Every structure is written in structure tokens, then in C-alpha cells.
Amino acid sequence: MTSLKLDTKTLWQAVLAEMEVNFSGLNYDMYISKTKAENLTDDSVDVICPSIYVQKKMELLFKPFLQESVNKIGKGKYELNFRVGSTLEKNKEQPKFEEPLFKNISPKENPSQKKAKETGLNLDYTFENFIMGGTNRLAYAIATAIADNPGKMHNPFFLYSGVGQGKTHLIHAIGNDIIKKHPNLSVVYCTGEGFMNELIETLQKGRSKKQYLTNTFRKKYRTADVLIIDDIQFIAGKIQTQEEFFHTFNELYMAQKQIVLASDRPPEEFKNFEERLTSRFRSGILADIQKPDFELRAAILRAKRDKEGDEFDNEVIDFIAENVDTNVRELVGSYQQVLTFMKAGEHPLSIELAEKALGGLIKNKRNKPVNINTIVKSVCNYYSVRIPDVKGKRRTKDLVIPRQISMYLIYELTNTPFASIGELLGGRDHTTVMHGVKKVETAIKEDLKTKQDVMNIKQFIYSI
Ligand code: ADP
Ligand code: MG
């Protein structure tokens with residue numbers, strides 16, 4: 001076990017790279033990416049979590065996967081010691097795969113870069129760095145037109161897509177470009193969450209001083225020439241924030257100021273959102289970014305390779321592009337993962353190596369038959385309930401949901417007939433199973449939480 005050459009940081013980078021690919025989306029963003037490692041020895045490593053909540057989630061949901069990944073990458077057998085600690089240093093370098101493909105390295109910041117930074121924009125997210133293809137062409141065209149003529153034509157601009165498709169990149173690029181081309185305009189950028197937090201803070205401060213400081217807040221937002229808000233879906237259901245946003249929006253809109261909003265869903269899917277707001281979103285120009293097609297995926301990876309001088313030949317690039325078809329973030333993460341494997345093992349790059357490095361991710365795995373017990377186990381694990389209880393007779397809500405989701409997933413992933421599913425799940429009638437499956441199908445359409453839960457569980461199942 002002394003053959004280990006990796007230091008803690010490199011090990012964890014490689015582990016995170018693998019985890020990011022296997023647990024994309026919320027799981028990775030909310031838990032895994034928040035961790036860092038310390039004290040790597042020959043047979044143990046500390047996994048530092050920023051809170052007890054994250055620690056619990058990590059231990060409950062991700063431990064076996066982390067374990068496997070650490071053992072594989074560290075080439076040994078390690079005990080994982082989870083504990084809460086400061087992860088600040090890690091957070092600073094966290095946007096590893098969030099970084100654009102090409103960084104703008106300039107020795108000195110010019111005034112517009114300085115201003116962009118103060119605005120909270122990421123200088124690395126530019127139009128030049130954004131590779132255009134079939135699936136993002138319209139979004140890109142609108143974004144560049146807005147940067148040329150803010151407030152004139154496409155207002156408001158509402159951009160939506162699934163995660164990792166380049167929304168954040170594109171709206172930062174708009175901000176950066178406007179600051180460069182129109183230095184007199186005031187650009188305000190925030191996220192939906194940031195907007196809410198700032199509002200709450202303002203109200204709190206105001207109260208303690210027996211006066212409201214909302215004027216400062218309002219001034220900042222309502223006098224912007226360009227207001228860019230990322231992840232606007234966050235404010236859905238937050239009544240007071242919505243109200244404040246509504247007035248901000250109106251004032252800017254009436255004054256023909258540019259509004260740019262990015263969201264993970266189209267306006268019509270905003271639940272708990274006032275109709276008067278969603279109809280305003282729709283009143284401007286809408287664009288979505290679809291999953292990148294093969295050509296765009298390959299183009300993005302080739303551009304990255306050329307820029308960074310990595311020794312990837314087209315064959316391997318195409319292999320990755322062909323197999324990782326979900327989103328750009330995963331695509332770039334996979335590329336990075338292959339690179340890390342190549343460097344760690346000092347192997348020459350080949351399709352076989354890439355296949356190995358990407359392990360659970362690649363498509364074939366998705367077509368592999370899924371084990372029914374794995375499904376039930378994963379569901380129970382996810383909801384922290386016992387398998388015998390799910391198979392048993394009790395009908396409390398905490399059991400009915402995992403039971404029906406098990407039915408649904410077994411049906412969807414294995415095509416097992418209803419009657420057999422019923423038998424497997426404690427001798428239930430086939431109509432009960434049919435009802436359960438239907439119920440989950442509807443819930444997935446109507447309820448975001450169920451949709452996300454089912455997606456998360458599927459990811460677990462496929463990554464085993
Ligand atoms: P979203 O906000 O839609 O979740 P991001 O803008 O964070 O997605 O994109 C994820 C990563 O992929 C970022 O590093 C971004 O720079 C990169 N990216 C996405 N689309 C492109 C593209 N077309 N060209 C270059 N990089 C891209
Ligand atoms: Mg984003």
C-alpha cells in the first residue's frame with residue numbers, strides 16, 4: 001500500500017471528478033462537491049464536510065461509492081473518516097469543472113474587467129469561450145445581440161435549459177461584453193438566491209435600526225441599466241421576494257432597461273409563481289438550450305484540447321463525445337477525468353483507458369440489465385427505510401412512497417410484469433402495482449421533488 005504516490009488534494013480531485021460524473025446534478029452540487037479531504041495516510045483519509053447535514057448525507061448516501069472510488073484511485077484500502085470541518089479552501093477551488101474551457105489569462109486587469117469583477121461576473125465566461133452549435137445557436141445569437149444593443153430589442157430575455165448546458169456562462173458573457181462595449185451602463189448581476197438573501201438582510205438590518213433600509217436595496221436594483229439574474233426559479237414560492245422582484249421588473253421594463261433571466265425550467269413550469277410574473281417572462285424573448293448534439297460535444301472537447309495542448313487524439317475525443325451526451329458540464333468533467341487517470345497512471349491515452357476512466361458513466365452501462373434487488377435497496381437507502389417494511393403491510397406515507405417508487409422503477413428499468421413486481425414486493429396484487437406505477441408517473445410530471453428523487457435514485461442505481 002505504500003505504492004501510493006498521490007497527495008490528498010490530487011486524490012480528492014480525482015475522486016470528485018469521478019463522483020461528479022456519476023452523480024451529476026443536485027447530489028453533486030449540494031453534497032459531494034462541498035467536501036474536501038485531509039490527512040491521507042496509507043490506510044485512511046478524513047472526509048471533511050461543511051456541516052453535520054452534509055456529513056449525514058454523505059455517510060448515508062454516498063459512502064460506498066466514495067469508498068470504491070478512493071480505493072480505486074488511491075490503489076489501496078482506505079478507511080473513510082467523515083467529520084465536520086472547514087472546507088473553505090476547497091470551496092475556493094471548487095469551480096473546477098465550472099471553469100470555462102479557456103481561461104482568459106491577462107497579466108493585468110483592465111478597467112472593464114475590474115468593473116465586471118465588482119459586479120460579480122466571472123471574467124472567464126465570455127462569448128469567445130463559448131462554442132456555438134446547433135443546440136445553443138439561438139440562445140447565443142440573442143445573447144450577442146443584447147450585448148450589442150441592451151434594452152433595445154430582446155427584452156426581457158428568458159433563457160432556460162437543464163443543468164450544465166451553458167446558461168450561466170452565456171448570461172455572464174452578456175454582462176462582461178456590455179461592460180466592455182458600454183462602459184456607461186450600470187450592470188447588476190445576482191442569482192435568485194442572492195436577490196432573496198440580500199432582501200432579507202436589508203429587512204433585518206432595517207428592523208434592528210427601527211427603519212427600513214429597503215431604499216438602498218431598491219436603488220441598487222431599480223436603477224440598473226442591465227439586470228442579470230441567474231437561477232431565477234429559486235424565488236418561486238418565496239412570496240415577499242417575488243413581490244419585490246415583480247416591482248423591480250416592472251420598473252426596469254417600463255424604463256426599457258435590459259433584463260436577462262436564466263432558469264432551469266420554462267416559465268410555464270414555474271409552480272407557486274404568480275401568473276402576472278410568468279406572463280411577463282413570456283412577454284419578451286425566450287430561448288432554450290437543448291442537450292448538445294454530437295458535433296457540438298466533439299467541437300467543445302477539441303477546442304479545449306487545442307487550447308490547453310492536451311495530448312488527446314480525435315479518436316479518444318470522439319469516444320468521449322459519443323458516450324457522454326447529457327450536458328456540457330459532464331462532458332468537460334469526463335474529459336478531465338480521463339486526463340487525470342492518464343496522468344495518475346502514466347498510461348498512454350487510448351480508447352480503452354478512456355473507457356476505464358469513465359467507468360460507470362458510459363452509455364453501455366445504461367443498457368445493462370438492472371438488478372431488481374439493487375433497485376429496492378437503492379430506494380430504501382434513499383428514503384432511509386427498511387426493505388422488510390417496504391415489502392410489508394404497513395401503509396404509512398413514509399413507506400407507501402418508497403414502495404410505489406420501487407414499483408415504478410422496477411417496471412421502468414426492467415420491464416417486469418405488474419404481477420411479478422407485486423410478488424417481489426411482499427405478495428401484492430397486480431392492480432396495486434399498476435396503480436402505484438401510475439401514481440408515480442403522474443407525480444413525476446406534477447411534483448418537482450418526486451421528479452428529482454426518482455432521478456437521484458436512478459443515478460445511484462446506474463452508478464453501482
Ligand atoms: P448551466 O448554468 O446551464 O448549468 P454552465 O453555464 O454552468 O451551465 O456551464 C457548465 C460548464 O460548461 C461551464 O464550465 C461552461 O463554461 C461550460 N460550457 C457550457 N456550454 C459551453 C459551450 N457551448 N462552450 C464552452 N463551454 C461551455
Ligand atoms: Mg447555472
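**Sheets and helix packing in a predicted model**

Q: How many residues of strand β4 (residues 157-161) are buried?
A: β4 is mostly covered. Strands (E, at least two residues) and helices (H or I, at least four) are DSSP runs, numbered from the N terminus. Buried stands for under 20% relative accessible area, exposed for over 50% and partly exposed for the range in between, with a 1.4 Å probe and protein chains only. By that cut-off, the buried residues of β4 number five of five.

Q: What kind of model is this?
A: Residues are numbered from 1 along each chain as its sequence is written, while chains are lettered from A and ligands numbered from 1 in the order in which they are written. Side-chain values use heavy atoms, leaving out hydrogens and water; local features need pLDDT of at least 70, side-chain atom pairs count only at pLDDT 80 or more, totals for chains, interfaces and linings use all residues, and the model is predicted.

Q: Which residue of β8 stands opposite S161?
A: Two strands pair if DSSP finds at least two bridges between them. β4 is joined to strand β7 (residues 258-263) by four bridges in the parallel sense, with L159 opposite A262. β4 also runs parallel to strand β8 (residues 285-289), over five bridges. In β8, S161 faces I289.

Q: What is the strand order of the sheet that contains β4?
A: This is an open sheet of five strands with parallel pairing. Its edge strands, β5 (187-191) and β8, each pair on one side only. Neighbouring strands are turned by 15° against each other on average, direction ignored. The order is β5-β6-β7-β4-β8.

Q: Which residue of β6 is the bridge partner of V188?
A: β5 and strand β6 (residues 226-230) run parallel and are joined by five bridges. Within this pair, the partner of V188 is L227.

Q: Why is one side of β1 and of β3 left without a neighbour in the sheet?
A: Another open sheet has three strands in the order β1-β2-β3, with mixed pairing. The reason is that β1 (36-38) and β3 (79-84) stand at the edges of the sheet, so each has a single partner strand.

Q: In which sense do β2 and β3 run, parallel or antiparallel?
A: β1 and strand β2 (residues 44-49) run antiparallel, with three bridges; K36 is opposite I48 and A37 is opposite V47. β2 is also joined to β3 by six bridges, and there S44 faces E79. The sense of the β2 and β3 pair is parallel.

Q: Which residue in the turn between β1 and β2 has a positive phi?
A: β1 and β2 form a hairpin with five residues between them. A positive phi of about 55° belongs to N39.

Q: How many residues of β2 are buried?
A: On one side of β2 lie S44, D46 and I48, on the other V45, V47 and C49, and both faces are covered. β2 is largely enclosed by the rest of the structure, because its buried residues number six of six.

Q: At what angle do the axes of α5 and α7 cross?
A: Axes are lines fitted to C-alpha atoms, for helices over the stretch in contact, and angles run from 0 to 180 degrees between N-to-C directions. The axes of helix α5 (residues 111-119) and helix α7 (residues 167-181) come within 9 Å. Contact, meaning heavy atoms within 4.5 Å, is made by S112, K115, A116 and T119 of α5 and N176, I179 and K180 of α7. The crossing angle is roughly 140°.

Q: How is α6 oriented to α7?
A: The axes of helix α6 (residues 137-148) and α7 come within 8 Å and cross at roughly 25°. Among the residues that meet are A139 and Y140 in α6 and L170 and I174 in α7. Angles under 35 degrees count as roughly parallel, over 145 as roughly antiparallel, 65 to 115 as roughly perpendicular and the rest as oblique. The orientation of α6 to α7 is therefore roughly parallel.

Q: How many disulfides does a search of the whole structure find?
A: A disulfide is taken as a pair of cysteine sulfur atoms within 2.5 Å. C190 is buried at 7% relative accessibility, and C380 is buried at 3%. The number of disulfides found is zero.
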